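Trainee: I am new to this structure. Could you show it to me before we talk?

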Amino acid sequence: MTDYLEQNNLKNLKNDDEVERKIQLILRVGKVLMESGADTNRIVRNMKRVGVFMKIPERRLQIHITFTTIMVNINTGDKSITNFQKCYRHGVDMTAISGISKLSWRAIEQDYSLNEFEKELRFICLRRRYYKKPLVMISAGLACGGFSLLFGGDLLAFVYTSICAMIGYWTRMKCNLLNFNSYASIAISAFVATICAYFIHFLPTQTPWHPLIACSLFIVPGIPLINAIDDLVDNFITAGMTRAMNTLLMIGSMTFGIAFAIKLCHVQDFISLSIISSNSFLVCAIASAVAAIGFATIFNMPPRLLIVVACGAVISVGVRNFLMLKCDYSQATASLIGAVIVSLLSLKAVHIVHAPSHVLTIPSVIPLIPGVFMYRLLFSIINLENVNNMSYHHVLNNGVNTTLILLAIAVGVAIPNIFFRNYINKLKEDKLMFLVKAKSKKA
């Protein structure tokens, strides 16, 4: 494809003003994807596809991406033009990711002009989110309530967890509105949610610990963690390490808020709490669907895909629970297998629902988060000065299990990238080559 484009499209790079405009549009595409939570490989792939639409030879287009900066260089033959774009906001918008992917293909297939492409790109940037803030707040609460059921909580714990998580999410929205530091916002919202969850001890529930475990999980940086693993696997080391550090800072901020609330309320350790839910498979299936839909709403996923991610969550959690209960697998191994199955199914589902695989996979595997192990590790760290030699074994065990499970989920999502990336990219490149040649013949 490179030689073909080199021979036929180099003449399109002689007008400096047009080249500058193309660079700016490519940079805007990259910025939208980066600020919407796309992994670096996807960002580069979409930017290069837009370059093909603009008839820029692949060898003439160079892209460099870090977590906060995107740089594009185009060599016109006579000169080299470079520009860059800063990315300050880092949220999650699955609709924007899906929209950019579709636009890049549609622009080639329908032979868009630059004006048409810019108009649709502007529409993606300015389009309102599907869900208003009150609905997102309720969804975040219900998602955390679903987690409490997955961890073995009863119905009252589900209701109370949902309320506490809504309060915590509302607090975070207010902090963001006041332009607080993002890590401070996380710590404050985790503190408020945990303080609220503590008061369930005064209510008649058989599972008073579960709201404490689940009320802050709307903060868990699942997408940054998965993107960090993806970037490292795809050899985008700088971006991957930066994402990993950002993930650690988010987890650290969340941990600080929770730990401060626990110390303030003198909450006792609950190390004996089981990691296996006592609820039935049906209850866990419903809870996992609720949690996945809640996070999909936070991620601004198109409504038509909510049922898809709900089914994916039921499959991932069902597989994990079955392997743990019936086959005596460890939680890390069972979570890995559940995530891998959903990831492989998503490779087929993308052709049915016409959405990128990560858009389908990530909300589906978030219910696999090991909340009980995370809290055991937190309590172990808080009480580290009081432990004896025997207890150090429990601290190490909790830390290793928590890390392994989180990595298992992230690696499970990345499995298609690890084993099928070259094959998938070859299919997309062949399709792109076919479209480019077809348009060239028509011209």
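Predicted model: local features only at pLDDT ≥ 70, side-chain atom pairs only at ≥ 80, totals over all residues.

Trainee: How many helices and strands does the chain have?

Mentor: Helices (H or I, at least four residues) and strands (E, at least two) are DSSP runs, numbered from the N terminus. By that count the chain has 17 helices and three strands.

Trainee: What percentage of the residues is buried?

Mentor: Buried means under 20% relative accessible area, exposed over 50%, and partly exposed in between, with a 1.4 Å probe and protein chains only. The chain has 443 residues, and the buried share is 54%.

Trainee: At what angle do the axes of H12 and H13 cross?

Mentor: Axes are lines fitted to C-alpha atoms, for helices over the stretch in contact, and angles run from 0 to 180 degrees between N-to-C directions. H12 covers residues 281-298 and H13 covers residues 306-326. Their axes come within 8 Å and cross at roughly 140°.

Trainee: Which orientation class does that give H12 and H13?

Mentor: Angles under 35 degrees count as roughly parallel, over 145 as roughly antiparallel, 65 to 115 as roughly perpendicular, and the rest as oblique. H12 and H13 are therefore oblique.

Trainee: Which residue class supplies 15 residues to the contact of H12 with H13?

Mentor: Contact means heavy atoms within 4.5 Å. Among the residues that meet are Phe281 and Ala285 in H12, and Leu306 and Val309 in H13. Three residues in this contact are polar and one is charged; the 15 are nonpolar.

Trainee: Is Met54 buried or exposed?

Mentor: Met54 lies in the loop between helix H3 (40-53) and strand S1 (61-65). Leaving aside neighbours within four places in sequence, Met54 is in contact with Lys22, Leu25, Ile26, Leu114 and Phe117. With a relative accessible area of 3%, Met54 is buried.

Trainee: How far apart in space are the C-alpha atoms of Met94 and Pro356?

Mentor: Met94 is in helix H4 (residues 94-109). Met94 is buried, with a relative accessible area of 3%. Beyond four places in sequence, its contacts include Ile223, Phe299 and His358. Met94 and Pro356 are 262 residues apart in sequence, and C-alpha to C-alpha the distance is 9.1 Å.

Terms used. Residues numbered from 1 in each chain as written. Heavy atoms only, no water. Nonpolar A, V, L, I, M, F, W, Y, C, P; charged D, E, K, R; others polar.
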